[in-house]
Amino acid sequence: MNPRLPILLLLSLLPVKAGAQDGIGSAAALQYSEDHTLWFGSENAAGLAFRPLATFNTVGFGFGYEDGAFHRYPTGEKVSDLDFDTRGALAIGKMQLWGHFRYDNITERGTRFNTVLFDPYDERQIFSVADPNLSDWKRQVYDMEFKAALPLGDRFAAGLHLRYTDRLAAKQVDPRSESFKYSIELRPSLVWRIGKSALGISGTYSDMFERSVPVLSNTSEMQEVMLVRGLGNYVRDMVGSGGLSTIYYHCDSYGGALQYHFLGNLEMLAEVSFLHHGTSTRESATQPFNMGSVAMNEISASVQLAGYSSLLKAEFLYRDAEATEYTSVWNKSTGEWEVRTSALGSTYGTLRASLSGDRYFGHRDAMPYIWKLSGKAGWVSKTDRYMLPEASFEYSNLDFSASLQRLFGNGKVLWEASVEAGYKLNLAGAYNYTGMQKDGIPVKEWYPHDMEILSSNAAFGAAGMGMSAPLSGRMSGMKLTASCSAGCIMAGQNKNRLLLSAGVGLIF
C-alpha cells in the first residue's frame, strides 16, 4: 500500500478550523479535557454525543530516545523515535467528530532474536523466526483513526470508531528481512440514556495481515535461523539458496463490550469487554506450509470515577493464548504440503490489574488546575508453558509510581513542571527448560536474559518541563507548545536505561 494514502485520507477527515478554541490553550488543558471525558477512553464512541470533547486542533513533532542495558534482547539497546502527530475534535451540527493521525520513524540499534516481525512481543504471532546476530531495525508507522457520534433523539446515540494502521520494517544485518503489516479495526456502538444513567454496547472487528520477506545482502554466505516454537524450542532453517521463504501472518479479531454510565455529582463509567483473536502462520504463497496457529481470548474490565477534583480508574485484564503446532508432509502427487496431525504446543497467560488516581488543586485563569498529584499501583502475573518437552516462563511484579505537576504563568505564557518516581518490586520469576536443546542459544542466553530483565527490581525517576505561549500577527489565535523530559530506569548491576523526549507543536 502507498504509505501516503493514509495521510491524505486522514487529513481530509481531520476537523481543521483556525482560531482560538473553547478553552483549550495548553497541553495540560487538552489532557485534562480528554481525561475527564470518560466516554472518550472507552470502546464506545457513541457516548461522545452526550458528553463531547472540547473543540481543539493540534499539530506537532516529537522525538524520543532510549539507551541502556535494561532491555530485552528483541528491543534495541538504543531506540530513537521521530514522530509527527495531529488530531482534532469539533461538532458539525449534532454530530461530534474526532480525528487523529500519527507517523513514527523508529530506529533500533543492537537487537537480537527477531528476524521477521515488526512487533516481536505480539503473542498473536508466537511462530516467528530468530537469529542471534546483533542488528539494527528501521521501522515506520502510519496510524490514523476517527470517531463519530450522532444523537438519535434525546435518548439514543450511535457511534463509530475506525482505525487503520500501516507498518513497514526492515532488519539491517544478514539475515535481513522486510516486513509489511497493516491492520484495520471497526467499532460500531450504541448508547441508551435513561435519566442520569446510560447503557452502552459496542462491537469490534479487526483484520491484521503481515508479510515478512527474509533476504540476504551477501548472497554467497547463507545464514542459519531458528523457527521459533516457544520457550526455547525451535527448528533450524536457513536464509538463502532456496531456504526460508516469505512468511505470512493473518489474524481476525472480534468481540464486544458493555458500558454503564452515571452522571451526578460523581460521574462513573464502567466497562467490560471480550475479544477473540485467531492467527494463522504459513510460509510461502506458491507452496503453503502451515507453521502454526494461535487462538487468544482477552477479557478486560474498567471503572472510571470523576468528581470532587479527583479522577480514579481501576483496570483488569485476563489474556490467554494457545499455540497449536502442525505436522505436515509433502504430497508428491499433488505437489502440496498436507497437515497430518495437530497438537497444542504452548500456552501463554497474563493477568494484570491496576489502580490509578489524579487529584487536582486550585484553579486560575486559563489553568485547569495549579497542582496535580497522581499515583498508580499495578500488579502483573505471567505464566507461559510449553507442553512437551516441558518448559515454563513465569514471573509476577508489583509496581508503584507517583508524580507531581505544577502549572504557573502570567496569564499568557503557561509553564508546566513535573517530577515522577516509581518502583517495580518482583514477587517471583523463573525460567525452566527440560528439552533436548539445553545447549541452544535461546535456552542459554535469550530467555534467561529476558527473565532477568522482567523479574528484576527496578527504580524509575523522571522530570519534565513544558510551556504554552500565544502567537501574534498572522498566527494570532494559535498557541505554541514545547516540552522536554528526562528519566532513568535503575535496576542495579549496570542494568540501567536513559529515557529522553522532546516535542514542539501548535494548538489552534
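**Close-up 1. Aromatic pairs across the predicted model.** A search of the whole structure finds 19 aromatic pairs, where rings of Phe, Tyr and Trp (its six-membered ring) pair if their centres lie within 6.5 Å, and planes under 30 degrees apart count as stacked, over 60 as edge-to-face and the rest as tilted. One of them is the tilted pair of tyrosine 73 and phenylalanine 113, with 5.6 Å from centre to centre and 55 degrees between the planes. This pair links distant parts of the chain, 40 residues apart: tyrosine 73 sits in the loop between β1 (56-67) and β2, and phenylalanine 113 in the loop between β3 and β4 (129-130). Strands (E, at least two residues) and helices (H or I, at least four) are DSSP runs, numbered from the N terminus. Both tyrosine 73 and phenylalanine 113 are buried; buried means under 20% relative accessible area, exposed over 50%, and partly exposed in between (1.4 Å probe, protein chains only).

A word on reading these views: this is a predicted model, in which local features need pLDDT of at least 70 and side-chain atom pairs count only at pLDDT 80 or more, while totals for chains, interfaces and linings use all residues. Residues are numbered from 1 along each chain as its sequence is written, and side-chain values use heavy atoms, with hydrogens and water left out.

Close-up 2. Tyrosine 431 and tyrosine 447 form a stacked aromatic pair, 5.4 Å centre to centre and with 20 degrees between the planes. Here strand β18 (residues 414-433) supplies tyrosine 431 and helix α3 (residues 441-454) supplies tyrosine 447, 16 residues apart. Tyrosine 431 is buried, at a relative accessible area of 15%, and tyrosine 447 is buried too, at 11%. Follow the ring pairs and you will find a cluster of Tyr73, Phe113, Phe393, Tyr395, Tyr431, Trp446 and Tyr447.

Close-up 3. Arginine 112 lies over the face of tyrosine 73, at 5.0 Å from the ring centre; a charge sits over a ring if NZ of Lys or CZ of Arg is within 6 Å of the ring centre and within 35 degrees of the ring normal. Arginine 112 also forms a salt bridge with glutamate 445, with the closest N and O atoms 3.2 Å apart. A salt bridge is a side-chain nitrogen of Lys or Arg within 4 Å of a carboxyl oxygen of Asp or Glu. Arginine 112 lies in the loop between β3 and β4 and glutamate 445 in helix α3, so the bridge ties together parts that are 333 residues apart in sequence. Arginine 112 is buried, with a relative accessible area of 14%, whereas glutamate 445 is partly exposed, at 33%.

**Close-up 4. Further salt bridges.** The count comes to 28 salt bridges. Among them, lysine 171 pairs with aspartate 131, the closest N and O atoms being 3.4 Å apart. Lysine 171 and aspartate 131 are both buried. Glutamate 394 and arginine 385 meet in another salt bridge, at 2.9 Å from N to O. Glutamate 394 is partly exposed, with a relative accessible area of 24%, and arginine 385 is partly exposed as well, at 38%. Elsewhere, salt bridges that share partners join Glu34, Asp83, Asp85, Arg87, Arg102 and Asp104 into one network.
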